[in-house]
Amino acid sequence: MRERNLFLGALVAIGLVTAGVVVATQADLLLPPASTRAVLVDQLFRVLLGISTVIFLLVEGALVYAIVRFRRRAGDDADGPPIHGNASLEILWTLIPAAVVVIIGVYSFQVLQAVEVPGNRPMVVEVVGRQFAWEFRYPAQNLTSSELHLPVDEPVLFQITSEEVIHSFWIPDFRAKR
């Protein structure tokens, strides 16, 4: 009986990991990347999506199993058996989520560090937020525009300010929001 449970547990684990990998590699939910930082952020998103898929399926599977296995039988009005805690199980289900959170946090921090490094001699674009408009200043070219124009495959440094209101400057294809 124990071997059968271990075998079923291994099959479930393999199925969950396979589902997570399939979702992480096949789900196409993002716009095409338009910057080098977008590639790293997309990769982080896919890893988080895969991990989330595994956790979701594990929790929902446990819920369905508990509903089916421990449902009240017809005519059974007795209280359930008293169950005392299992210290090993409680430690395990505390340590595993903590480890997952730490791993995700470390990986996210590495991605953040990588995307925040400006390239060599970046083109500076001063971005000024106004109540109903954006202004883009190109100091090296002595130009100002209400539309953002950037060179392809060149590093850019945005210097963002706001004169009137608090704004978020967001370019979805770049995966950058400030």
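**A quick tour of the predicted model**

Let's start with Leu-58, which sits in helix H2 (residues 36-69); helices here are DSSP runs of H or I with at least four residues, strands are E runs of at least two, and both are numbered from the N terminus. This is a predicted model, where local features need pLDDT of at least 70, side-chain atom pairs count only at pLDDT 80 or more, and totals for chains, interfaces and linings use all residues. Residues are numbered from 1 along each chain as its sequence is written, and side-chain values use heavy atoms, with hydrogens and water left out.

**Around Leu-58**

- Leu-58 is partly exposed, with a relative accessible area of 48%; buried means under 20%, exposed over 50%, and partly exposed in between, using a 1.4 Å probe and protein chains only.
- Leu-58 and Val-12 are 46 residues apart in sequence, yet their C-alpha atoms are 8.8 Å apart in space.

**The sheet**

- Four strands make an open sheet in the order S3-S2-S1-S4, with mixed pairing; two strands count as paired if DSSP finds at least two bridges between them.
- Strands of a sheet pair through backbone hydrogen bonds, either parallel or antiparallel.
- Strand S3 (143-145) and S4 stand at the edges with a single partner strand each, so one side of each has no neighbour in the sheet.
- From one strand to the next, the twist averages 20°, with axes taken as lines fitted to C-alpha atoms (for helices, over the stretch in contact) and angles running from 0 to 180 degrees between N-to-C directions.
- S1 and S2 run antiparallel and are joined by four bridges; they form a hairpin with four residues between them.
- S2 and S3 also pair in the antiparallel sense, over three bridges.
- In the hairpin of S2 and S3, again with four residues between the strands, Asn-142 takes a positive phi near 55°.
- Arg-137 in S2 is the bridge partner of Glu-126, and its bridge partner in S3 is Thr-144.
- Phe-136 stands opposite Ser-145 in S3.

**The nonpolar core**

- The largest nonpolar core has nine residues: Met-123, Val-125, Val-127, Phe-136, Tyr-138, Phe-169, Ile-171, Phe-174 and Ala-176. Such a core is a set of buried Ala, Val, Leu, Ile, Met, Phe, Trp, Tyr and Cys residues joined through side-chain atoms within 4.5 Å.
- Strand S1 (123-129) and strand S2 (134-138) each supply at least two residues of this core, and S1 gives the most, with three.
- Phe-169 is buried, with a relative accessible area of 7%. Leaving aside residues up to four places away in sequence, Phe-169 touches Val-127, Trp-134, Phe-136, Leu-148, Phe-158, Ile-160, Ala-176, Lys-177 and Arg-178 (contact means heavy atoms within 4.5 Å).

**Aromatic rings**

- There are four aromatic pairs: rings of Phe, Tyr and Trp (its six-membered ring) pair if their centres lie within 6.5 Å, with planes under 30 degrees apart called stacked, over 60 edge-to-face and the rest tilted.
- Trp-134 and Phe-169 form an edge-to-face pair, 5.2 Å centre to centre with 65° between the planes.
- This pair links distant parts of the chain, 35 residues apart: Trp-134 is in strand S2, while Phe-169 is in the loop between strand S4 (156-162) and strand S5 (170-171).
- Trp-134 is partly exposed, with a relative accessible area of 26%.
- Ring pairs join Trp-134, Phe-136, Phe-158 and Phe-169 into a cluster.
- Lys-177 lies over the face of Trp-170, at 5.5 Å from the ring centre; a charge sits over a ring if NZ of Lys or CZ of Arg is within 6 Å of the ring centre and within 35 degrees of the ring normal.
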